[in-house]
Amino acid sequence: MRRKSSVMIGRDACLKGLVHHYERLDADRPRFLLIRGEAGIGKSRLLGEFLDIAERREGILLLGDCLSLRLFGGPFAPLIQALRHPVIRTGTTHQRARIAQDLRTLTEALSSLGARAPAAARPSAAQIAEQVLSTLARISHDAPVVLAIEDIHWADAATRELIQFLHHNLQRARVLLVLTDRTDEPSPQPTHLHLVAELVRAGAEIIELESLQADDIRLLLASRGGSEVADDVAREIHRRSGGNPLYCEFLQDAWSTGEILPNTLKDLLLARTSRVSARARTLLELLAVVGHPASEGMLAALWDGGALGPALREAVTAKLLTSRDGGYRFRHSLISEALLDELLPGDLARLHRRVAEALTTHSALADDSGHLVALRIANHWYAAGEKATALRAAVHAALLIDVSSPADALRLYERALSLSGHLREWPVPRTCRAEVLRRAAESAFSSGDVIKARTLVHQALGEIAAGLPGAPSRALLYEHLGRYLEGSNGQDSGQECRECYERALSELAASDSPRTWARVLCSCGLSRVTTGCAADGMGLLSRARTIAARSEDLHLQAIVDMNLAEATSCVRELETSIKYARNARDAAFRIDCADVALRTYFVEARAAYLVSGRLADSIRIRSEGLRFADRHGQAYSGGTMLRLALVEDLIEGGVWGEAAGLTLDRLPSNPKSILETEEHLVSCFLAAHRGHPVARERVPELQRLLPVDNLVHETYFLSLLIPIASALGHQQALEELSDRVLELAAHPLPSLGGGLFLVHALAAVIEAHGDRADGEGGCGHSVPRLLDVAEETYTRARISVVAEVELTDGVIEVSRAQAERHRGVHRAEHWSRACEVFRRTGARARLAPALLGQGRALLAQHTEYRRARQLLEAAHGLAARMGAEPLCRRIADVAEHAAPGQGGTAPHPADLTPRQAEVLRLIAHGRTDREIAEELTISTRTANSHVAHILERLGARNRSEAALRYHQTHQAAPEPAPGTRAVDA
């Protein structure tokens, strides 16, 4: 573990802040800190002082640093470095051994990223991030964990994405993530600036290190020299250094030897290196070119200047190098940067060539992961100017990391393509430029750059020549292009996608592999099924299944069966869909392919729900799938779609506390995918309906993110966003969203449940606008017209459901009841039928407001007051258990008029004793007797007794009636139910 380089002055408050966060780590709240400042300001020194303190206490310390972009880092390099040299100070010998084993397992997984294996068998960046997250969370149960990563301004793409992933997803873990960042980097990358902005927006604490004051500089100089420094010397050093501690120290050293003081820090550093012997200076230049900590064995393989030991000792004595974790490194990266800037191009190329040759011949001496060594070899050959060798090395390194770090692989593929323009012949055997273009396109698509992916595929299509060795299949390239178009925006993207799939089908050749044939047949077949050509599409999918069965490729069989499950679901063969989903899952289990297995749970749950109409069936299957995702470390990566689908089921089922527990605490400010947008919408929906604060500005922000190219997702998102806009009173958004819903209803219904979502969206429009008395719905559309559109859409969509009773049956009944109420007709029949549907399907979130509607209708008829009151009590009980605070208030308002002339006869809640009043408050907020006992620190039996006395004193027949009485006299919102939390919206 790194130590402070010298005495630390002027940073006491910052150090106390770091220690404060460490001491207050708890199991529910990980903490994220960002130490920022210019080069030499003391970031590493502050971090080292803090780690020194932390190491003397119980905990697990992990420290890694990012290498300069010019000095060649690599995917997850700082994390691998941190994991190889942990400090474990905790518990028993058994605990320490278990923690060490967990860290070794993670290290081995990261170190084997470059192992030669099929792409399907290699972990993706998301799977790696999830494994890191689960490991950190698990070991933090034994002791607090500090993960420190220095110089994130140089972080590779994979490490940046990992940091963001941990910040958004790490929950309920005693983890302190400390990052350092240089603010004076000459050309900061946009991706780095985005990372910093995202961390700041999401609540990471920033520690800005300012320049030291004159008094601090005087203390620093005195501590290093052992005696007081003359005031004029201290003032001059402070003036020249600007209060930068590193600059001050080098200035003091130069001053003490009587040298002429250079004007810049770079000149000062170069002057310092010039004072060592020529042999030590050569060693420094060599280590600067190596670009990362090097062992003595590695340096010996590079060294040709006689004995290495004396040169090393001289550089260490001159305080230019330090030794840490078995390797030598520069005391500060500024020293290596200054040396590299001074080397002549020819000398620099010669040294890079020497390093590349040594790493190629003695790769074991690098003592690093295979993919990192390959990447460094590629970078050194590139810097050496050896174009053909650099191209081969770049392609080799990219092939090792294209699954685990597609953004870094894309950079290498693009380098190879650029180098090929300077060569007469393609230098890589068994491949060609078109194949590299295809792989680059896949890496671009995986890293989120769809436009670049499409451009690269078009370039590959333009370069394929007949009989070209290693050329990709034209059919496969068109399949890629169709897949990329599926994820793009634009009105014509759907048509273009289908055209690409059809072109892929026509380009299939006998020479294409079985995998290519099956892949193209599946894509084209599913496309035809979803666009109304079911018979043709199913025929293509059947051919794909025959090919997969002959190939004996279990992964291919799982993918084909998964596509068949999707297709049969579209054509209402739901039992067959379930069979195919389970077949695909069995094959995926046999080859440990978690991503395909997770998708099967999603499809089976949807089909099972459409067969039975019961939310419980869907919740059961998706919960099983999420447990599987958790066991395989994919709950927040491959399991995200399944997790969000389960959240949606739990919302409908009224289990809002559990639903909120499955959403993320910290969300990215700019969602980059449909799933991230869905996470935002679900979180805002829960917050708005539980009475938690949501900024009105969020509505237009979310409105801009609606996926206009994917009708299934758009209709579902509209069904969430319209109630949010209504709850927040955003009239303009309501008008625009209502127009969009009606526009979608005028076109053919989207498949795979999109028609049902459209009915829900239309119902949300009717609910949002149906109470207006002027005959208009607030968006220029009359309520009767809205109902007519909803009825027609319901008729078309309902045929996709086999179940006798389905949630949408109740939704349309509610819309009919609201339309009648708008006309001044108060009948309970529609409400009653809706309640029956919601009871049978388990949709308690919709049952509560439907009970309210039915009770309100009975009150308006001035009959059945007792029945109306029972309905309101039941509605309030459901709403309180869900934590639906606004709905609780609405029910309480209606209940005040439930029985005219009967008020005033029952005792008022204010007549209770203080303890009874406190118990009543908790009853009204949905607490059980056991939860009341825990909160008030009393026995459960005492809580039972208080509840019985309260019911007797208020004349209430049950807890719901007592809770209703409380809310009639307390208009403040109910508190959230225990075990739930506010949603960060």
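Author: A disulfide is a pair of cysteine sulfur atoms within 2.5 Å. This is a predicted model, and the structure holds 0 disulfides.

Reader: How do you know that cysteine 524 is in no disulfide?

Author: The nearest cysteine sulfur, that of cysteine 533, is 9.6 Å away. A pair must be within 2.5 Å to count, so cysteine 524 is in no disulfide.

Reader: Why is cysteine 524 called buried?

Author: Buried means under 20% relative accessible area. Cysteine 524 is at 0%, so it counts as buried. Cysteine 432, with 5%, is therefore buried too.

Reader: Why does glycine 37 count as buried?

Author: Its relative accessibility is 3%, and the cut-off is under 20%, so glycine 37 is buried. Glycine 37 belongs to strand S1, residues 31-37.

Reader: What is glycine 37 in contact with, leaving aside its neighbours within four places in sequence?

Author: Glycine 37 touches Lys43, Asp181, Arg182, Thr183 and Leu209. Threonine 183 is 146 residues away along the chain, yet the two C-alpha atoms are separated by 5.3 Å.

Reader: What makes helix H40 largely enclosed by the rest of the structure?

Author: Of its 17 residues, 12 are buried, so H40 is largely enclosed. Among them are Ala845, Leu852 and Gln854. The buried residues of H40 pack against helices H30, H31, H39, H41 and H42.

Reader: How do you know that the span of H40 agrees with what it should be?

Author: At 1.5 Å a residue, the 17 residues of H40 should span 24 Å. The end C-alpha atoms are 24 Å apart, so the two values agree. Just after H40, histidine 862 has a positive phi of about 60°.

Note on methods: Residues are numbered from 1 along each chain as its sequence is written. This is a predicted model: local features need pLDDT of at least 70, side-chain atom pairs count only at pLDDT 80 or more; totals for chains, interfaces and linings use all residues. Side-chain values use heavy atoms; hydrogens and water are left out. Helices (H or I, at least four residues) and strands (E, at least two) are DSSP runs, numbered from the N terminus. Buried means under 20% relative accessible area, exposed over 50%, partly exposed in between (1.4 Å probe, protein chains only). Contact means heavy atoms within 4.5 Å. The expected span of a helix is 1.5 Å times one less than its number of residues.
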